[in-house]
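Hi everyone, thanks for making the time this morning. Let me put the structure up and walk you through a few spots.

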Amino acid sequence: MIRLLAFMLGSVGGALAQLQQAQLWPVGGYALLASTALLVVVLAGWLRAHAGVQALLWALVGALSIFAFTGWRALHHQGTALDPALEGRDLLLEGWVAEMPRRGEAGWQFEFVPARAWLAGQEVQLPPRLRLSWSLRPSHGAGSVQEPLALESSALPAAGLRVGQRWRLVARLKRPHGLSNPHGFDAELWMWEQGLQATGYVRQGRGVDAPVWLEDTGRYPVQQARQWIRDRVIDRVPSPGAAGVLAALATGDQGAIPRALWDTFRVTGVTHLVVVSGMHITMFAWLAVVGVGWAWRRAAKTWPALLLAIPLPVAAATGGLLLGWSYAVFSGWGVPAQRAIWMLTVVVLLQLSGRRWPWPLMWLAVMTVVVWLDPWALLRAGFWLSFVAVAVLFATGSPLPETGQRWHGQVWRLIRTQGWVTVALAPLTLLWFGEFSVAGWLANLVAIPWVTLVVTPLALAGILWAPLWQFGAWAVEGLMGMLGVMAAWPWAAVSRPAVPGMLALVAVFGGVLLVSGLPFAWRVWGLLLIWPALAYTPPRPAPGQFEWLAADVGQGTAVIVRTHRHTLIYDTGPPMGTQADAAQRVLLPLLRRHGDAPDAVVVSHADSDHAGGLGTLAKAYPRTTAWWTSFDTSERWGMDSRRCEAPIGWEWDGVPFRFLHPWPGDDPQRLSSNAMSCVLMVGEGDASLLLTGDITVDEETRLALALPELRARVLFAAHHGSKTSTGPVWLNTVRPQWVVIQSGYRNPYGHPAVEVLRRLESRGIRWVSSPRCGAAMGQSARPDIVCHRDAVRRYWHHSDGG
């Protein structure tokens, strides 16, 4: 038992160690580790050493073996990556739709398995799985070689895009590349785990063959069944929100749930209930055990030999487990479902074998199985939240009612268990998301039994008899009404800044201590361990100094500047799809994780790649009174703003802020939006930062002639590095040490322009761009710039920004 325990602990530790690699080793390095692990096994068997030495040896075996195995798997996956020479080229593909397509306002998104591919008539090799988008909206510049081209819906069959269809189409691909910001979502890790080595869009236009639907096939039957059920739910349930929840519970596809509902789920802490999670799998398997047991008893009355051949407990446990596996696979085989089904499998196998392991050992055994199957799950919040929750349930007793217990005792047991889980998970939730749902305890107290015992059974039973979905919709709408009221409470959710790793670990230990079975006098110390994380405030620059962060928002601009007691936002980034923008996805999380609220917002001009998040910020921070723009915000955004105009300026904590452009006489009716951009100087002398919006060479030259003494350590390239900006006169005047270029990866405009980069290199000016750097960060007290991509680089991250 000691050897097994040591092996499991070593496996988890070895996987964590391998996930820290910035680059993969050659295959020989991992082979050497595997060989070493085998030698240690032989050594452990040969030595008759002390139990402690044996434990260390077997822990080493676990660590070395999983490190080698994970590295080998990663090398194999990396070997199927898209050839960089194929990026941005028109490729003719023939293959199958492999996952449930999702249709939004802009078009379709789907996974595609290519059978063959050609470039200019020559066959080429592609990754085994692609993620494509198919736009159904009219696009401008449909013949451009750089602009995404829209498709006409007439290319689709009457039933729409469906799993198993075989298509011949032209697409442009690129390697996976996501935004890289502090505390942000790691999209490249997510695509790595999904087995996606390329993304792209379907092409159509002059000189490009139109997509051709070749045939329907029987490939991917489980996915076809999932899509059929999802579409039936959406068609039969009139309420979009209720239909989305029922479809998510029945098939595991959350794409139909409106974004507004996700916000309600997040604030009330019930997001886990609308994702097919361990709770759903466990409850379904438990009901299946009861159902199989009942059916086996009935069958035994007719065929008594059944009980002799397969005893009732074996039949019920095995049948329930198999049905649980079926639901886990049918619901999309998500990681939460995988964790639950493996845990149930271990429990059932132990019970059938007659073994009775202590719960910590069984808990660790399931964790080890999951880590060997998917080591990258260790980097996901859901992995730790679910395993800690299960540990709390084991430690505090089963949350299920006990036979013979009175109803008020059962209710109290449920309330107590939910309270323990909420307290134990609070530090972890704050650590991962910077937010904790205070209303979550009460919301989950009602929502967990309602969703698991009422909504989910109706969602699944509707597959057999569709009218039950309407009853399920009413149940969902009732729950949504209650959650909506809770989400509106001012104290429903608490946001806290990101805390250092050591404080976070201490707080997690404090949460576990609080719900442990130790005497109360010991458990109360958990509060003291949690308190430092709750009271933590991130350090700010000293008086007279400032720091800045150029967020990675793709093709757009968004900058956060912080002084000792104030925060300024310069530009709000671009829209991101039809329902989101850079402020919602990037700026708000960054501000919350730093414990910030903007004291002033400057939006350089009205173009969407700079003002796309203005409305979101205004709604999130209604108390911010200083809004500076070069355009009228009253009609479109319904808010007042002041015109940024030279030489307006102010001082925060010893740091001067000064507008250099536009000038009082500049007429927005005569000048373009770009030419009216607000230019803001932060600081002075060698420690200054110059933010330029989208001004052109004309405005740059004008400023250089008017302010020949103008200097800046860090200059933001105007218009994302366009050839119409960052001219030689401007560079010769400002003489920056660094130039920051905020642009999107493989953007359709060719930013940054080659001419601009040549100007910088010929003058010895160092530069960074968003695709290669991610979020760029600097301080007035330090001359260097830190790139977020470099700081957090792992082997699954994009290796060349391009």
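Let's begin at tryptophan 96: arginine 219 sits over the face of its ring, 3.7 Å from the ring centre. Please keep in mind throughout that this is a predicted model.

Staying with aromatics, a search of the whole structure turns up 27 aromatic pairs. Elsewhere, Trp628, Trp650, Trp652, Phe657 and Phe659 come together as one aromatic cluster.

Helix H18 (520-523) and helix H19 (525-535) each give at least two residues to the patch, and H19 has the largest share, with 3 residues. Leucine 518, for its part, is found in the loop between helix H17 (501-514) and H18. Its relative accessible area is 39%, so leucine 518 is partly exposed.

On to charges: the search finds 27 salt bridges across the whole structure. In one of them, arginine 230 meets aspartate 253, with the closest N and O atoms 3.0 Å apart. That pair links distant parts of the chain, since arginine 230 is in helix H5 (residues 221-236) and aspartate 253 is in the loop between helix H6 (240-251) and helix H7 (259-268), 23 residues apart. Arginine 230 and aspartate 253 are both buried.

Another salt bridge brings aspartate 596 to arginine 540, at 2.6 Å from N to O. Aspartate 596 lies in the loop between helix H20 (582-593) and strand S14 (600-603), and arginine 540 in the loop between H19 and strand S11 (547-550), so this pair ties together parts 56 residues apart in sequence. Aspartate 596 is buried, at 9% relative accessible area, whereas arginine 540 is partly exposed, at 28%.

Zooming out to finish: the protein chain has 28 helices and 25 strands. Its radius of gyration is 29 Å, close to the 28 Å that the globule rule gives for 802 residues, so the chain is as compact as a globular protein of that length. Of those 802 residues, 51% count as buried.

Note on methods: Residues numbered from 1 in each chain as written. Predicted model: local features only at pLDDT ≥ 70, side-chain atom pairs only at ≥ 80, totals over all residues. Heavy atoms only, no water. Phe/Tyr/Trp six-rings, centres within 6.5 Å; stacked < 30°, edge-to-face > 60°. Lys NZ or Arg CZ within 6 Å of the ring centre and 35° of its normal. Helix = DSSP H or I, 4+ residues; strand = E, 2+ residues; numbered from the N terminus. Buried < 20%, exposed > 50% of the residue type's maximum accessible area, 1.4 Å probe, protein only. Rg over C-alpha atoms; globule rule 2.2 N^0.38 Å. Salt bridge = Lys/Arg side-chain N within 4 Å of Asp/Glu carboxyl O.
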